[in-house]
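Dear colleague,

My notes on it follow.

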Amino acid sequence: MIILSEQIMDLYPLFNSLRIAAISSVIVFFIGIAAAYYIAKMPRFIKGVLDVLFTLPLVLPPTVVGYLLLLIFGPKRAVGSFFLEQFNVRMTMQWWSAIFAVTVVVFPLMYRTARGAFERFDENLADAGRTLGLSNTYIFWRIRLPYCKQGIIAGVVLSFARALGEYGATSMIAGYTPGKTATVSTAVYQLWRTDNDELALRWVLINIAISAFVLLILNWLEKPQRRSR
């Protein structure tokens, strides 16, 4: 029983990383598609400003993103103190705190991929649907989205892969607590710090294997696009 419990505990970073990546991918899927769809229709100047704003987390150091999130969700900051005082909920140093960081970091990937897919959409198809009396909602879900699905799915896959390996912002807002907030990335760093290179290498190999599998899926999704071209 002791050995079994230790094995389960050892797998916690993987379990935690997968659930954080999955939840974050679902969040950025809806937010990224909505942002990409509406911003693509905006005037060029406004679209350019919003593009810079939404893409900024992609080029900022992850530790900077984590620091900015601490300015919002820290226990002595506006949002963090409100939840702590009103609901006795600490917004940092929880496993789900990493979702805030990962969502911000991977959002630009989903947004820019979805926006590129929407910009390649043939608007003649939407115009033809309107002449048939179809609503914009119907056109979006039944015509536009299926037409752009490969690009959008690629965005989700990339977002998941990036979320799985996120370290900088996650370590700042969620920290590292074994069995509570540990992820694969933070576990590798902590194991390296404690000279446990053997176990750190195992986690590295697991992360590489998962990332390679995700990239294979991405390449498989791109094949139908090449054939259609």
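In which loop is Asn88 found? Asn88 is in the loop between helix H5 (78-87) and H6; helices here are DSSP runs of H or I with at least four residues, numbered from the N terminus. Please note that this is a predicted model, in which local features need pLDDT of at least 70 and side-chain atom pairs count only at pLDDT 80 or more, while totals for chains, interfaces and linings use all residues. Residues are numbered from 1 along each chain as its sequence is written, and side-chain values use heavy atoms, leaving out hydrogens and water.

The loop between H5 and H6 also holds Met93. Asn88 has a positive phi near 55°, and the phi of Met93, also positive, is about 60°; neither residue is a glycine. With a relative accessible area of 65%, Asn88 is exposed, whereas Met93 is partly exposed at 33% (buried means under 20% relative accessible area, exposed over 50%, partly exposed in between, with a 1.4 Å probe and protein chains only).

The largest nonpolar core has 36 residues. Such a core is a set of buried Ala, Val, Leu, Ile, Met, Phe, Trp, Tyr and Cys residues joined through side-chain atoms within 4.5 Å. Ile33, Phe118 and Ile152 touch the most other members. Helices that each supply at least two residues include H2 (12-39), H6 (97-119) and H9 (149-164), and H6 gives the most, with twelve. Beyond its neighbours within four places in sequence, Phe118 is in contact (heavy atoms within 4.5 Å) with residues including Ile33, Tyr37, Phe140, Arg144 and Ile152. A second, separate core of six residues includes Leu14, Val184, Ala187 and Ala200.

Val184 and Ala187 are also among the buried residues of helix H11 (residues 184-193). Asp195, which follows H11, has a positive phi near 65°.

Asn16 lies in helix H2 and is buried, with a relative accessible area of 0%. A polar atom of its side chain lies 3.4 Å from the backbone oxygen of Thr181. Leaving out residues up to four places away in sequence, Asn16 touches Trp95, Lys180, Thr181, Ala182 and Thr183.

On the surface, Tyr38, Met42, Phe45, Ile46 and Val49 form a nonpolar patch. Helix H3 (residues 44-59) gives the most to the patch, with three residues. Phe45 is in helix H3 and is exposed, at a relative accessible area of 67%.

Yours sincerely

Conventions: A polar contact is a pair of N or O atoms within 3.5 Å; within protein, one must be able to donate a hydrogen and the other to accept it, and residues adjacent in sequence count only if both atoms are side-chain atoms. Patches are made of residues with over 30% relative accessible area and no salt bridge: like charges are joined within 9 Å, nonpolar side chains (Val, Leu, Ile, Met, Phe, Trp, Tyr) within 5 Å. Accessible areas come from the Shrake-Rupley method with a 1.4 Å probe; for residues, only the protein chains shown count as cover. A salt bridge is a side-chain nitrogen of Lys or Arg within 4 Å of a carboxyl oxygen of Asp or Glu.
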